[in-house]
Amino acid sequence: MTQKRRIGVYICHCGGNISDYVNVEKVADAVKGVPGVEVAKTHVFACSDASQQEMINEIKEQHLDGLVVASCSPKLHMFTFRGMAKRADLNPYQYIQVNLREQCSWAHTSDKIGATEKGIHLLRAGIAKCALTHPLNAIRVETKPRVLVIGAGVAGMRAAIMLADMGLAVYLVERENQPGGWARVTGEQGPEKQNGDQVVSALAERIRQHDNIMLYTGAEVVSKDGSIGDFTVALRLKGSETVSLNVGAIIVATGFAPYQPRAGEYGWGLPGVVSLADFRQLLSETKGRLEYQGKPVRSVAFIYCVGSRQTESETCPEPNAYCSRYCCSATTHTAGLLRQLDAKIHQYHLYRDVRTYGALEKLYEKARTDGALFLRWTPEKPPRVETKDGRLSVLVTDTLTGNEELEIGADLVVLATGMEPRQNEGLNSILKIPESTDGFYKEIHIKLRPVETVIDGVFVAGAAQGPKALAESVASALAAVAKTGGLLKKGFVDLEPLIAKVNPEKCTWCDKCLQACPYGAIKRIHTGEKEIALVIESLCKGEGACVPVCPHDAIEIEGYRDDQIMAMIDASLKEVATP
Amino acid sequence: MATKVDPQISQRVRELGAGDLNQCYHCGTCTAICPLSEGDASFPRRVLRNIQLGLGDRLVASPEPWLCYYCGECSDSCPQKADPGETMAAARRYLISKYDPSGLAGLMYRSPAFLVFFTLLLGALLAFFHLSIHVGKHAAGEAPFPSHWAAFAWIPYETIHLVGLAVGGLMILVVFAGLFNAARLMLKAHGGFAALRRYKVADYRRATMQLAHEIATMKRQGDCESDPPSSEPWYVQPRFTHGTILAGFVMLLIATTLDFFFVFGLKMQFYAVARPLGIAGGLVMLYGLLVYAWKRMRRATANTKTTTPADIWLLFFLIVLDVTGFALLVITAAGWKGVASDVILLVHSVMAMEFVLMFTLTKIAHALYRPLALFLHFLNAPKAGT
């Protein structure tokens, strides 16, 4: 660096969060003499409007070309100060944040002298890094106003209609031969009492009539290329015909698979032990007296949490640890349907905890006050189902009856089976969306970024992301629509420039970086006589897996370049005069 | 051995006047608030659960319903308005009907029509025998009924006397069989009658003393009402009014026994003790009965808001007996003769006998079962109630 830098250093008290433990004035004094530092000051709250304005004025007046704010974690205020730098006509990537709170004052509340010393080390490293920054610009990508929605269940259909209403072109792909997913076959939905296939038919009709939606049934995604704003996707249609689509974003709404009990699990396999879906089918087909295999049904036992909230055991080596969310509500709703058919049938509900959250509590209350009996078991002593004298017998240790084992005679045992992730190996290898520990597609942040995946431009909606009731599936589909619309209606997207960069002179193409990259952001290209790696800017996350595996040090991450890191180490190792 | 769930049993107890069991979601507030629930004798929730699921074996063996005096605190506190107090009362009716070997108790509780029919039939029979005895062929001197009732005098006195003895004997047998059943069932959880051998003589002495103290003072019923303090004045609280009825009952019993001993046994016209005692007993009891009737009409407290046909019947019987008793006193003193006085005598005598025959099987049976349950409770839990 030949030209002398003009760096402004601002140290934040954070009220007293930092200054109670770190002597911020001493830190400021200690860095005043560092080469390149023009200004070194402290602020009570650097993030406050007044402080920001003061800093902006100073940056402009002093013609500063680098900025270091030593305050809280960059997770909290990096974008705040980047924005401030921008307003001061300073390139936001020439701003460095030093974490003096989480990594210093809060961590060393019992050692004020040590904390101050550490603060000086940290700040010197930050200044050294800042001195080696250069202006960077966001990577702007133009987006195509078209969306691929994978899965035409209720979530996918609802998303498709909303996107089409926004004026975006939608390709809706369904592997089955007709749209609708599980909702088509579940019958009456609680608590609004609408029939699932009617909901599906209404949506399908709107899709048919919408000019902006193209529905492919019996079709599968076979390849995906490109990146956010500009994907190329190939579909295989019925009769092995393929179609190539060019879209700006993808919504994955592939739904769930119903849990399949193991043989013998709660009597699964015995005549009269059925899944909740089968039982609902039986109910919807019954007019008059309820019979099962020719025998009248006088007593029904429902077992909850089948395939959900499992604990590891010999028979269950890979437990589903999660709650499937819909089963308690669906089962208590089914209790109402059964009572409607025949109020004299005795109902026993063997539950662990009733999770009919929100307004669905009414379903539970109705089932209970209508006379269904609820017995609570624990995973230590799960219910057992046996055949006894030609009838089913359920043995349950009920915590509400002093943990005594009770015997219930039942004509039908209904297992409230949960949701599992779909086994979609083909699609998974194409989309490369990471999976959660439960095996569902993983979002970036469960609360704050619930429909975005780490693959930019690829969103997840509905039960593909985790068990959801229909209402929640639709809500998440509409969230994905909002994110997709926000992305595509603008026409372009700005991406972080802090990504990998290949030095074409050093690179000899060994494919190690390609192997290491989880995002498929490395591409092999020919330049003149040699083959080298190229980073696809719109795919790279700057995550850095490629850097250490390169045998020739040919890859660096902008913002974390080798020279910057070395300078930081050097600066931070410099001795500090005992404060 | 798993306990069987039997929806029929649940249905049966519900028919005996249980609260709305479907409302109960087992929060346990009733048990927490109950001033008498303690240690192993945990109620009312546990009893409610047994009824809800129809756990017959557990229900018939549970002494808990007898440890409850129905203060109504549980029903007042129930967040679901499931009325556990009334359910405990229904449980007592169920237990009485299960202990009773004759099966009549269950019928009388379950069917008001049967209750009325049985009362009338039994009344007619008793009236008939009664008239037969007292007209003409009376062995012991002057017949109290004049000759215009002579149409009834065709059964030999000896026959009636024998039938009377047989019925009385049968009655005693039935009562003792009921008591035996109750003891057998209550001891089931502790290992049957063999469990009684585990206790020492000192234990029996202590439990007997505790029981005697309890009957004399009704301390548990007092505990029941004073936590939280009742808003009613003491003279209408159940502990006092129940006490007046019990005291009246005992006084009348002594008076009648004295009459029997002197007048019929020694043929002495000696009324100096029996008459005042009888008058006092009748008055004391009448007070309690009227307070009960008034409270049941007001329905102001949890334990009076539900009145079953069996409750009405009992109050009706006792009040009529009490009033006709006084009427007879006046008639005898004034020396009135006539059909009206004959009818009053007949009604009083017949209803008194019906009372013994019917209510010993049902409502009055608590006078045996409750002390039994308490005795076993005291045996089992030396520190009970302290």
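Predicted model: local features only at pLDDT ≥ 70, side-chain atom pairs only at ≥ 80, totals over all residues.
Now look at a sheet in chain A. Strands pair through backbone hydrogen bonds, and that pairing can be parallel or antiparallel. Here you have five strands in an open sheet, ordered S10-S7-S6-S14-S27 in chain A, and the pairing is parallel. Strand S10 (213–217) and strand S27 (458–460) of chain A are the edges, each pairing on one side only. Going from one strand to the next, the twist averages 20°. Zoom in on one end of the sheet: strand S14 (residues 249–252) of chain A runs parallel to S27(A), and three bridges join them. Within that pairing, A:Val252 has A:Val460 in S27(A) as its bridge partner.

What packs on this sheet? Helix H6(A) does, touching strand S6 (146–150), strand S7 (169–174), S10 and S14 of chain A. The direction of H6(A) makes about 165° with that of S7(A).

H6(A) has a helix partner as well. A packed helix pair is described by the angle between the axes and the distance between them. For helix H6 (residues 154–165) and helix H12 (residues 470–488) of chain A, the angle is about 35° and the axes are 8 Å apart. The crossing of H6(A) past H12(A) is right-handed. On the H6(A) side, the contact residues are A:Val154, A:Ala155, A:Arg158, A:Ala159, A:Met162 and A:Leu163; H12(A) contributes residues including A:Leu470, A:Val474, A:Ala477, A:Val481 and A:Gly485. Sorted by class, the contact of H6(A) with H12(A) has eleven nonpolar residues, four polar and one charged.

Twelve of its residues are in contact with 14 residues of chain A. Strand S1 (3–4) and helix H3 (45–53) of chain B each supply at least two residues of the side touching chain A, and H3(B) gives the largest share, three residues. By class, that side of chain B holds five nonpolar, five polar and two charged residues. In S1(B), B:Lys4 stands opposite A:Glu407.

Terms used: Residues numbered from 1 in each chain as written. Chains lettered and ligands numbered in written order. Axes fitted to C-alpha atoms, helices over the stretch in contact; angles between N-to-C directions. Helix = DSSP H or I, 4+ residues; strand = E, 2+ residues; numbered from the N terminus. Left-handed = near helix turned anticlockwise from the far one by under 90°. Contact = placed C-beta atoms within 7 Å. Nonpolar A, V, L, I, M, F, W, Y, C, P; charged D, E, K, R; others polar. Pairing = 2+ DSSP bridges.
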